[in-house]
Amino acid sequence: MSAGTPRALASSGQKPIQDIRHPLSAEESALSRSPDVLHPGGAGERDLILPNGTPVDTSSPTSSSSLLNRLQLDDDLDGETRDLFVTVEDPKKHVSTMETYITYRVCTKTTRTEFDLPEYSLRRRYQDFDWLRNKLEESQPTHLIPPLPEKFVMKGVVDRFSEEFVETRRKALDKFLKRVADHPVLSFNEHFNAFLSAKDLNKRQGLALLTKMGESVKYVTGGYKVRARPVEFAAMGDYLDLFTQKLGTIDRIAQRIIKEQSEFLMELREYGPVYSSWSSFEEDLHDPLEGVSGCVSNCSSALEELTEDMSEDFLPVLREYVLYIESMKNVLKKRDQVQAEYETKLEAVVFREDKKTSVPADVEKCQDRVECFNADLKADWDRWENNKRQDFRQLLTGMSDKNIQYYEKCLAAWESLIPLLQDKQEAKGETN
Amino acid sequence: MRERERDAEQGDARNRTSLLKKMEISVAEAEKRTGKNAVNMQETYTVYLIETRPVDAASEGTNPVPDSLWRRYSEFEQLRNYLLVTYPFLVVPPLPEKRAEFVWHKLSADNMDPDFVERRRVGLENFLLRVASHPDLSTDKIFYSFLTEENGWKETVFETGFQAKADSRLKALNATFRVKNPDKRFAEMKHYGDELQSVISQLLRVRARAADRLYGVYKVHGNYGRVFSEWSAIEKEMGDGLQSAGHHMDAYAASVDDILEEEEHYADQLKEYLFYADALRAVCRKHELTQYELEMAAQDLTSKKQQREELATGTIRTFSLKGMTSKLFGQETPEQREAKLKMLETQIEEGEELVKERNGECEEFVKSAWVDIERFKEQKDHDLREALISYAIMQISMCKKGIQVWNNAKECFSKM
């Protein structure tokens, strides 16, 4: 995939900055209300608590003003003014007494002040990427986190250390980091920073946190039924369901084509040599027949390349999107839960006290959560749609290109054969 | 086919007298007929329309209606069998295959299938043109009446007694015998015929399998057309690009039918030479048979001469039952010996005549056959080279179409 093509930082759709409902803008008004009793401890100016109990990553970069600045920057940014570049490269095998595994070099170049140095280069293994993604999901549950390539591979079926598998994985990991780096909120996540810069990832702390969080999530997700899912989120859900179906179909078709092409290739590999053995007992026809044999052989190689490319570049991207969609549906479910909690609490309050004019703080907090979640999700959705469009445009034009290259190689082979085939004839014509 | 006519005429000086100079021949149409066969049962069969027209008439600009008559495949077979026994020293052009072989799955193996009938029509025309452009075959009267006499041809050809000769010829060709002094050139030619047959069979088999696979590759792409269409329905900006790309995928899938139909023509050209190889082998076998018969006659003559010598000198050099019995049961009388000697003399005379005759036949055969084999070699090299060129052109056309379709699809995708 394209390590060099700079992708414009995805902004929140085509709307002007003023119309974008910033996730934290709702929080501004919330501050004027009574303090949140459930607040576990002031981590900053923000009181934003999420359903699972964790405070939103509220270190300085997420203060409203700097975020707004950054959003403005988003809209102005094209490839040249991006300030964070990451790549995943150079896979290497490590053999130890306990295990064998692959590490990848993660290179970072940045002008951001959140980083101590302008450049980093360190090695990470899949486990580390997995850790990062989990941390991102926990700490930014209202955002769509890009997917990782599949974790588990059947030991007997796939060779985890084959060049093709490792390269496919590297590309997917590279894409993952780039998507995070391009995200206006996720790229400022402290875990992401640590991933890119810290010598050792203190993962144990993460694990402990996970358990506590796991409990809270369990507490929340259950028992609440959403009343009226807003139209746009319902549409998202429906779209994702249909889209997954289509991707599945395309995956099956692509696999079928690869299979048919492989079988065609097998026949070609038998076909070409027959011309060669024919040429061995011909005189005049020796060169033409050898020529045809060579041509068929060239076409076979070209076809082999096409099939390999499709397996390595096309299918993995499709599958990645299916995973992406899975995680997006989960985020949508969470959003539903947050909304459901709010609706239930609101209902209870209204039902209880019809005379009271002020809404209790916890219900307000719920409302804020809902609005915040909706805004984050909406912004990410638009970004995702844009990326999806670019990704699929690239994927499908790439597929077309590969096919064009295949035919061009074959064309060149056959065209160069014509003069060889006609050669003797002209010579004969002259002697006649 | 017309090109081959022209080329054949240009290439061979002896074609000056070929029939094609005087007459245009074509197999214009094919029709289904039903009728009662030899055992009085209803059968359906196909007849082919042979049209002939004098060459001069067309060039004068009057363009008269051609003469025509209908023939069925079995009559072509009879003609060919007649030619085979009448000209055993010639490589007789083959007929298109009786039954469809080397078919890939989409192609019908049914003799009534219209595509098969059409390809057969072309093959039969090709056969007639080949015969008509051959320096020796084109002058045959039976061939001429096959083209011009609708009724009565059957009787005429049967009167030649070719059927019986055809049966004994087959038997002889399949018999096993060993020639003591095989002509090296013919032995090599027979070997070449064997190898050519084997390699072309293999080629046709693999090609048919490859055609099947190629068909699959193209057709599955049609599924992209459908899914892109469905997908475009749930997209906003991406929809149009996807939809039109889908149409190109459908076009791509559909294009394989024409591609493979054209390739079938190439397969037919190869098949002709597959069967030609058989005709070549037959000539070589016939030569072997002629040689063998000469050797047998010579051998017989030698043994008779030896017997005469023994009888004359009284020495028995070779073992013979007569010799043994005469030893056991006593010598013969001088009268008996005289009679025997006289008989042997006559036999030796006859034997010498026979050997002379057979020798002459052999020499004649070798001379004529070798001329035709040389002619055949040149024709084969020319035709197969042409076939390979047109095959390469087919592949080029297929590649260009592929590039075009994918470029079109790419354009649509880039507008997504």
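**Group meeting: how chains A and B meet**

Between chain B and chain A, 18 residue pairs are in polar contact, with both residues at pLDDT 80 or more. Keep in mind that this is a predicted model.

Who supplies the chain B side? Helices H9, H10 and H12 of chain B each give at least two residues to the side that touches chain A. H12 covers 334-414. By class, that side of chain B has 35 nonpolar, nine polar and 14 charged residues.

Now the interface as a whole. The contact takes 58 residues from chain B and 53 residues from chain A. Interface size is often given as the accessible area lost when the parts come together. Here, chain B and chain A bury about 5500 Å² between them. Of that, 72% lies on carbon and sulfur atoms. Which residues of chain B lose the most area to chain A? They are B:Arg213, B:Tyr224 and B:Arg385. Together they make up 14% of what the chain B side buries.

Next, charge pairs. Across the interface of chain B and chain A there are eleven salt bridges. One to look at joins B:Arg209 to A:Glu270. The closest N and O atoms there are 3.0 Å apart.

Over all chains, the salt bridge count comes to 64. Take one inside chain A. The side chains of A:Arg82 and A:Asp182 meet in a salt bridge, at 3.5 Å from N to O. This pair links distant parts of the chain, 100 residues apart. A:Arg82 sits in the loop between helix H2 (64-76) and strand S1 (84-95) of chain A. A:Asp182 belongs to helix H4 of chain A, residues 163-182.

Last, helix packing in chain B. H9 runs over residues 184-232, and H10 over residues 239-313. Their axes come within 8 Å and cross at roughly 170°. H9(B) and H10(B) are therefore roughly antiparallel to each other. The residues of their contact divide into 31 nonpolar, 13 polar and 13 charged.

H10(B) also meets helix H8 of chain B, residues 162-174. How do those two axes cross? They come within 10 Å and cross at roughly 80°. That makes H8(B) roughly perpendicular to H10(B). From H8(B), the contact uses B:Arg169, B:Ala172, B:Leu173 and B:Asn174. From H10(B), it uses B:Ala282, B:Arg285, B:Lys286 and B:Leu289. By class, the residues of this contact are four nonpolar, one polar and three charged.

So much for the tour. Over to you.

Definitions and conventions: Residues are numbered from 1 along each chain as its sequence is written. Chains are lettered from A and ligands numbered from 1 in the order in which they are written. This is a predicted model: local features need pLDDT of at least 70, side-chain atom pairs count only at pLDDT 80 or more; totals for chains, interfaces and linings use all residues. Side-chain values use heavy atoms; hydrogens and water are left out. Axes are lines fitted to C-alpha atoms, for helices over the stretch in contact, and angles run from 0 to 180 degrees between N-to-C directions. Helices (H or I, at least four residues) and strands (E, at least two) are DSSP runs, numbered from the N terminus. Angles under 35 degrees count as roughly parallel, over 145 as roughly antiparallel, 65 to 115 as roughly perpendicular and the rest as oblique. Ala, Val, Leu, Ile, Met, Phe, Trp, Tyr, Cys and Pro count as nonpolar, Asp, Glu, Lys and Arg as charged, and the others, Gly among them, as polar. Contact means heavy atoms within 4.5 Å. Buried area is the accessible area (1.4 Å probe) that two parts lose on being put together, summed over both. A salt bridge is a side-chain nitrogen of Lys or Arg within 4 Å of a carboxyl oxygen of Asp or Glu. A polar contact is a pair of N or O atoms within 3.5 Å; within protein, one must be able to donate a hydrogen and the other to accept it, and residues adjacent in sequence count only if both atoms are side-chain atoms.
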